[in-house]
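Morning, everyone. I have one model to walk through, so let me put it on the screen.

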Amino acid sequence: MLTVQNLHLQRGGKAVLHGIDLSIQPGQICALLGANGAGKSSTVMAIAGVLPVQSGSILLNQQPLHGLRPERVRAAGVAVVPEGHKVLGDLSIVDNLRVAASNLPAGQVNAQVERVLDIFPELRPKLLLPARALSGGQKQMVCIAQALVVMPRFLIIDELSLGLSPLIVQRLAAVVREVAQQGVGVLLIEQFTSLALDIASQAYVLERGRLAFAGDSPTLRAQPDILHSSYLG
Ligand SMILES: Nc1ncnc2c1ncn2[C@@H]1O[C@H](COP(=O)(O)OP(=O)(O)OP(=O)(O)O)[C@@H](O)[C@H]1O
Ligand SMILES: [Mg+2]
């Protein structure tokens, strides 16, 4: 289980998270929702080890992740797809995947690259193209594949659909479901709340660095005023 307990975080000397509690079970999809600036990416970056936490804890099966460097967090089994689907544009797709897999034992790299290409077979005909030649949706596929190539137990996606076409978004949503069905716990940040609540069984709503809601998705859907007031500030 991945748990965040009473997480406090500052950025640029300003408190942006004021005591956040989250928990994600294996195979569960949790949505993290909230308006611009609510603190979603800050939460993701804290879990990823990119931003230092002021206080509170981030635990993977009771073991602390807070204080670990990003590569150690990843090695422990928590893979993050950061906002903005950035790839290494000059490298081919297959090299982007190999770079992401480079901390695996050498004998596993090819097998894991093959496994993620089975998840995104549409990338196979483009493997040798420089990643900058891809569409935004294809880049997001590469980013998700880069996260999955290390066989994470938890996957965190910051903005699944931002800037992507509806068709691609449906495809990515199907992959997220499939990955969760294999037992991976997913924390999903998604601007389209209805999509997020369709995919996720659990939901958290952040409002200016505090949780305005934590519970199951149907409960949140039945109380649209919570989302409205959070998004309107
Ligand atoms: N690089 C930074 N330095 C200082 N403060 C920052 C920085 N980036 C974000 N913040 C502040 O941290 C708070 C939370 O921002 P964050 O990016 O986590 O929100 P978010 O929920 O991901 O928003 P969005 O929906 O726009 O991605 C905001 O008040 C924001 O102004
Ligand atoms: Mg963000």
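Start with one pair: His 8 stands opposite Ser 55 in S4. Those two sit in strand S1 (residues 2–11) and strand S4 (residues 55–60), which pair in the antiparallel sense over five bridges. Pairing here takes at least two DSSP bridges between two strands. Strands are DSSP E runs of at least two residues, helices are H or I runs of at least four, and both are numbered from the N terminus.

A word on the source. This is a predicted model: local features need pLDDT of at least 70, side-chain atom pairs count only at pLDDT 80 or more, and totals for chains, interfaces and linings use all residues. Residues are numbered from 1 along each chain as its sequence is written, while chains are lettered from A and ligands numbered from 1 in the order in which they are written.

Back to that sheet. It is open, with four strands in the order S2-S1-S4-S5 and antiparallel pairing. Strand S2 (14–24) and strand S5 (63–64) are the edges; each has a single partner strand, so one side of each has no neighbour in the sheet. H1 packs on this sheet, touching S1, S2 and S4, and its direction makes about 110° with that of S1. Contact means C-beta atoms, placed from the backbone, within 7 Å. For angles, axes are lines fitted to C-alpha atoms, for helices over the stretch in contact, and values run from 0 to 180 degrees between N-to-C directions.

Now the other sheet. Six strands, open, mixed pairing, order S6-S7-S8-S3-S9-S10. Strand S6 (78–81) and strand S10 (210–216) are its edges, each pairing on one side only. The twist averages 15° from one strand to the next. Helix H1 (residues 40–48) packs here too, touching S3, S6, strand S7 (154–158), S8 and strand S9 (202–207), at about 145° to S7. Helix H9 (residues 224–232) lies across S3, S9 and S10, at about 35° to S9.

Look inside this sheet. Strand S3 (residues 29–34) and strand S8 (residues 185–189) pair in the parallel sense over four bridges. Cys 30 stands opposite Leu 187 in S8. Beyond four places in sequence, Cys 30 touches residues including Ile 24, Val 186, Ala 200 and Tyr 204.

Which residues have the most contacts inside the largest nonpolar core? Cys 30 and Leu 188, in a core of 74 residues. Such a core is a set of buried Ala, Val, Leu, Ile, Met, Phe, Trp, Tyr and Cys residues joined through C-beta atoms within 7 Å. Buried means 20 or more other C-beta atoms within 10 Å of a residue's own; exposed is 12 or fewer, partly exposed is in between, and C-beta atoms are placed from the backbone.

Helix H5 (residues 136–148) gives the most to this core: seven residues. Eleven of the 13 residues in H5 are buried. Their cover includes S6, helix H3 (93–100), helix H4 (106–119), S7 and helix H6 (166–181). Gln 146 counts as buried because it has 20 C-beta neighbours inside 10 Å. Beyond four places in sequence, Gln 146 touches Asn 96, Leu 97 and Ala 100.

Finally, the whole chain. Nine helices, ten strands. Buried residues make up 42% of the 233 residues. The C-alpha trace spans about 45 × 35 × 35 Å along its principal axes.

Note on methods:
Two residues are in contact if their C-beta atoms, placed from the backbone, lie within 7 Å.
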